[in-house]
Amino acid sequence: MKGKNIFQEKETHKYDDIIHLPHHVSTKHPQMALLDRAAQFSPFAALTGHEDSIRETARRTEAFLELDEDKKEQLNEKMHVLQEYFSEKPEIMVTYFVPDEKKAGGAYVTHRGRIRKIDTYLRRLLFEDGTEVHMQYIFEMDGEIFGDTE
């Protein structure tokens, strides 16, 4: 039968001599607040803005399509019809190009609404809802007032 060895020494560790000493508090430096101490260990973003840059690069844009002479003539006829019926505040649908502010290209957008003003000086259409469409970017115009201008 095995017995317990009464001469067995107590197990020792490297820091046994200091582990039970009281925590040191400096007389020269004030203690840091717990919130500030926790902030030391918060995640660090070494590449600030990198994610945004990657997202911007991946964002797709469309190229501006140059219109052929037939299409330009067709749009010109529709613009004359629009000016003729302007006093009736017609509702039209315009597909136009919106250039991207950050990179080459842009997007084609379709807007439906009633025309408030045709600004021939700045070459733009103003809708009642405040939408502004530059004539140079118009790709298509549709509406009841155009009938068979195609």
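Patches are made of residues with over 30% relative accessible area and no salt bridge, where like charges are joined within 9 Å and nonpolar side chains (Val, Leu, Ile, Met, Phe, Trp, Tyr) within 5 Å. The accessible areas come from the Shrake-Rupley method with a 1.4 Å probe, and for residues only the protein chains shown count as cover. The structure is a predicted model, in which local features need pLDDT of at least 70 and side-chain atom pairs count only at pLDDT 80 or more, while totals for chains, interfaces and linings use all residues. Residues are numbered from 1 along each chain as its sequence is written, and side-chain values use heavy atoms, with hydrogens and water left out.

**Surface patch**

Tyr-15, Ile-18 and Leu-21 make a nonpolar surface patch of about 330 Å². Of these residues, Ile-18 is found in the segment before α1 (34-39), where helices (H or I, at least four residues) and strands (E, at least two) are DSSP runs numbered from the N terminus. Ile-18 has 45% relative accessibility and therefore counts as partly exposed, since buried means under 20% relative accessible area, exposed means over 50%, and partly exposed lies in between (1.4 Å probe, protein chains only).

**Nonpolar core**

In soluble globular proteins, nonpolar side chains tend to be buried together. A nonpolar core is a set of buried Ala, Val, Leu, Ile, Met, Phe, Trp, Tyr and Cys residues joined through side-chain atoms within 4.5 Å. The largest such core here has 18 residues, and those with the most contacts inside it are Leu-82, Ile-92, Val-94, Leu-125, Ile-138 and Met-141. At least two residues of this core come from each of α3, β1, β2 (106-119), β3 (124-127) and β5, and α3 gives the most, with four residues.

**Aromatic rings**

Rings of Phe, Tyr and Trp (its six-membered ring) pair if their centres lie within 6.5 Å, and planes under 30 degrees apart count as stacked, over 60 as edge-to-face and the rest as tilted. The count by this rule is five aromatic pairs. In one of them, the ring centres of Phe-97 and Tyr-137 are 5.9 Å apart and the planes stand at 50 degrees, so this pair is tilted. Because Phe-97 lies in strand β1 (residues 91-99) and Tyr-137 in the loop between β4 (132-134) and β5 (138-142), the pair ties together parts that are 40 residues apart in sequence. Phe-97, at 5% relative accessibility, counts as buried, whereas Tyr-137, at 23%, counts as partly exposed. Both belong to one aromatic cluster formed by Phe-64, Phe-97, Tyr-108, Tyr-137 and Phe-139.

A charge sits over a ring if NZ of Lys or CZ of Arg is within 6 Å of the ring centre and within 35 degrees of the ring normal. The charged end of Lys-71 is placed in this way over Phe-139, 5.2 Å from the ring centre, and that of Lys-78 over Phe-146, 5.6 Å from the ring centre.

**Salt bridges**

A salt bridge is a side-chain nitrogen of Lys or Arg within 4 Å of a carboxyl oxygen of Asp or Glu, and the count comes to seven. The table lists some of them.

| Glu-140 | Lys-78 | 2.9 Å |

Glu-132 is partly exposed at 36% relative accessibility, while Arg-124 is buried at 18%. Salt bridges that share partners also join Lys-71, Lys-78, Glu-140 and Asp-142 into one network.
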